[in-house]
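This report describes the fold of one protein chain and the surroundings of its ligand. Please consult the sequence and the structure while reading.

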Amino acid sequence: AKWVYAFGDGKAEGKSQMRDLLGGKGANLAEMSNLGLPVPPGFTITTEVCTYYYDHGKQYPPELKDQVAAALAQVGKLTGRSFGDAKAPLLVSVRSGARASMPGMMDTVLNLGLNDETVSALAREAGDERFAYDSYRRFITMYSNVVLNVEHHAFEEALEQYKETKGYDLDTELGAEDWKTLIQTYKKIVRDEHGSDFPQGADDQLWGAIGAVFNSWMIPRAKKYRELNSIPESWGTAVNVQAMVFGNMGDTSATGVAFTRNPSTGERALYGEFLINAQGEDVVAGIRTPQNITEKARTEAKSDKPSLESAMPDCFGELTRIYGILESHYRDMQDMEFTIEKGKLWMLQTRNGKRTAKAALRIAVDLAAEGLITRNEAIGRVEPSALDQLLHPTIDPKAERKVIANGLPASPGAATGEIVFNSEDAEAHRKAERKCILVRVETSPEDIHGMHAAEGILTTRGGMTSHAAVVARGMGKPCVSGVGTIRIDYKAQTMTVGGKVLKAGDKITIDGSTGQVILGEVAMLEPELSGDFATLMEWADGIRTMKVRTNADTPTDARTARNFGAEGIGLCRTEHMFFDGDRIIAVREMILADDAEGRKAALAKILPYQRQDFLELFKIMSGLPVTIRLLDPPLHEFLPHTDQEVGEVVKATGVTEDKIRQRMRELSEHNPMLGFRGCRLAIAFPEIAEMQARAIFEAAIQAAEETGSPVTPEVMVPLVFTRAEFDLVKGRIDATAKAVEEEKGAKLDYQVGTMIELPRAALMAGQIAETAEFFSFGTNDLTQTALGISRDDAATFLGPYTQKGILAADPFITIDQEGVGELVRIGCERGRATRKDIKLGICGEHGGDPASIAFCQQVGLDYVSCSPYRVPIARLAAAQAAL
Ligand code: ADP
Ligand code: MG
Ligand code: MG
């Protein structure tokens, strides 16, 4: 079998498509060789050797030794030297390289092949003793650290001590004799720490390094990384052995890294850093300050050190030529590593570069404009979720941050404001046009208005799917949740963190993208939604087949969503309209009423408010469909909770406190999620649904008159599990429509449909579709009811479930395709079988999740609906799903 693939001298046995076999680094070294670029010759030991090694109790395949020896001889031939030779020694680097780039894998060993004998040959050849012994001491420390597990700091201490006795400040002050002396000390350290002498035989060194690469595949941090990034253990790593080129051969030598485009802005210009007279990791190690590649970057950075462009114009020209070749070959931005040896440029690595969301957008759009990729490819190049970074204000990366605590990055974006500890104060701040951050232990539905009023939300308890997190994401407000180190004292109106006490009114900044809590104000950058963003979105809209609607309850949400390109409202929850301001009193009056008459009287007070709410939404969404869900939550959520609230209700309604408390007891439930809610309310108290239907229809007629364009409301009945429930409620809605038509002398165009959010509803979809004109899959409740997991209580046990691989992902974030998804599929099939043109959508949180959106495309939904700030993400994800 073939275990070793050679590269160099303008050709290679491998190529970039052989990534699985050669690893990313090896495949690209081969590809660069094939392109005729200057790559030091070498060879790759395949990932299959790694697999073999672990399958055979850490034994190599029998043919490997000979294949490596032959490849090494070939490298020697190309370089005119020979491995282990005392006159013209071949020195190599040993580099690991898995299929996917894996930080935390084994560090590269440079200058391998050096020993007490070959080091003098190197000095002779280079005519530079200092260079040779500097390389040798680097090799000893690297090899001892990586292969023999001797800690770095032992060598560093020895070096510092030596510098002190000699009165040196910088490493560059050490001469050949100094390094020689230190090398003796280093060797002694190895003997003491490792228990045997530093290996002198070149072959021993080589196989030691190869073994270390394979062994590093199973070290805990590599395993952990694979686990976190779902990289299978079976992939294995490759080993690259490559002839050394020296960036530390004096002032005409250098080493550096460069991107073909700016990885943070996407700007088309060579971008990177280099160091003169340096080797390998010196650039990133931060020992010396690296220099800029281009003159332009140098000027911008106000650096007084020359750029590569001015210091080594020939090499810069060559690098520019190569970057052009690599970009057009790989058709993507490249991240390159290079070394210059005595004025000659050598390429040591290339790969598709990592980039920010902003850069990803710009690069995708530019590459398409330059004709390197198609528009469809450009659409596929941007990670939809990454757009989240762009839709919110962010902290200026240059700004200083005084971080006082860390929590979970629950909802992206950053915000600054004065601390407030309750929703009333948040509202008061907004009225006074002062920005605030709502700080709570946790939030509840009653805090919605406070959350709306605040710039951002901070909670000390709760996870990524807590009430605060979910609602904040829906509103597009930054949220940091679960900041356990902060203690809130509501009475004293203070919070304590790390011994520091902050009062209401003190300014803080939260960064919902990182989870940081920062003291005071920090400079922000505003989102940029025109330009590249708009261009890519337009391309995406051109190819997607699913519509994207929004979940919006308020005019602000609706406006935001429309600006982001929403094509209607897929879910308008009406309950928040019951909480707002004075209405809650009328709502409580309605709940406390003894009979239908009393309820109707109270509902009549709510009607004008509801009608006004709908009118605004219809006008904002003019020309687009709007789905309105009838009241869903259990009534007790609207009842007073505190003594003060009870007092207010007594005053406003005249109902006795005893009666209120009795009603509170009656309505309290053990399991509200499965209790008296959804269409069950409309069945027990039809007058609620009638009032809502009336408000919708009257508003629709008025909006059509005012805007001149027709409104088609879609009235949605929640939580049905059988057609009979739906029919009862639909009967009331239709009767109300008829009455309104007669009163107004107008014709209504509307639809009545249902949420499919209970497993039984999905199964009975065929029957329900006989009368329901549309379905919207409420996958939040469908997930709760299909898995028997309450979202509010899931935090404690879902973590271990995903860690142990029982669930692939949090089912409230990404739809569980096998189970919940199967119910959706059944619902679609059975619904369509009955009613061919039934409109199908999704309105759970999943409607804004790219993986779930791909699934929606598969089952053939007509639209997805998501929170306003996820609309652009959904547009792009829907386009990718259609590719
Ligand atoms: P990583 O995967 O951590 O980037 P590499 O294998 O790319 O590790 O090696 C790191 C650095 O070591 C390279 O960027 C380069 O500067 C240096 N290096 C590796 N191989 C050679 C070589 N054959 N000649 C000179 N320098 C090398
Ligand atoms: Mg590298
Ligand atoms: Mg629901």
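## Strand pairing and the barrel

Two strands are said to pair if DSSP finds at least two bridges between them. In this predicted model, strand β32 (residues 774-777) and strand β33 (residues 839-842) are joined in the parallel sense by four bridges. Within β33, the residue opposite Phe777 is Ile842.

These strands belong to a closed barrel of eight strands with parallel pairing, in the order β27-β28-β29-β30-β31-β32-β33-β34. On average, neighbouring strands of this sheet are turned by 25° against each other, direction ignored. Helix α33 (residues 820-834) lies across β31 (751-756), β32 and β33, and runs at about 175° to β32.

## Domain layout

The protein is divided into domain 1 (4-243), domain 2 (254-355), domain 3 (392-525), domain 4 (574-739) and domain 5 (757-883). Taken over C-alpha atoms, the centres of domain 2 and domain 3 are separated by 41 Å.

An unreviewed UniProt entry places the feature "domain: PEP-utilising enzyme C-terminal" at residues 530-881. Over residues 530-881, the chain is 56% helix and 11% strand, with 24 Å between the end C-alpha atoms.

## The open antiparallel sheet

An open sheet is formed by six strands in the order β2-β1-β3-β8-β6-β7, with antiparallel pairing. At its edges stand β2 (11-12) and β7 (109-112); each has a single partner strand, so one side of each is left without a neighbour in the sheet.

Helix α8 (residues 202-216) packs on the sheet and touches β3, β6, β7 and β8. The direction of α8 makes about 15° with that of β6. Strand β3 (residues 42-45) runs antiparallel to β8, and four bridges join the two.

## Surroundings of ligand 1

Ligand 1 is surrounded by 16 residues, of which the closest are Ser93, Arg95, Thr108, Gly280 and Glu337. By class, this shell has six nonpolar, seven polar and three charged residues.

Strands β6 (92-98), β8 (237-243), β12 (334-341) and β13 (344-352) each supply at least two residues of the shell. Ligand 1 lies between domain 1 (4-243) and domain 2 (254-355), because both domains give residues to the shell around it.

Conventions: Residues numbered from 1 in each chain as written. Chains lettered and ligands numbered in written order. Predicted model: local features only at pLDDT ≥ 70, side-chain atom pairs only at ≥ 80, totals over all residues. Near = placed C-beta within 6 Å. Nonpolar A, V, L, I, M, F, W, Y, C, P; charged D, E, K, R; others polar. Domains from an automatic or database assignment. UniProt positions renumbered as here; feature names shortened; annotations may be inferred. Axes fitted to C-alpha atoms, helices over the stretch in contact; angles between N-to-C directions. Contact = placed C-beta atoms within 7 Å.
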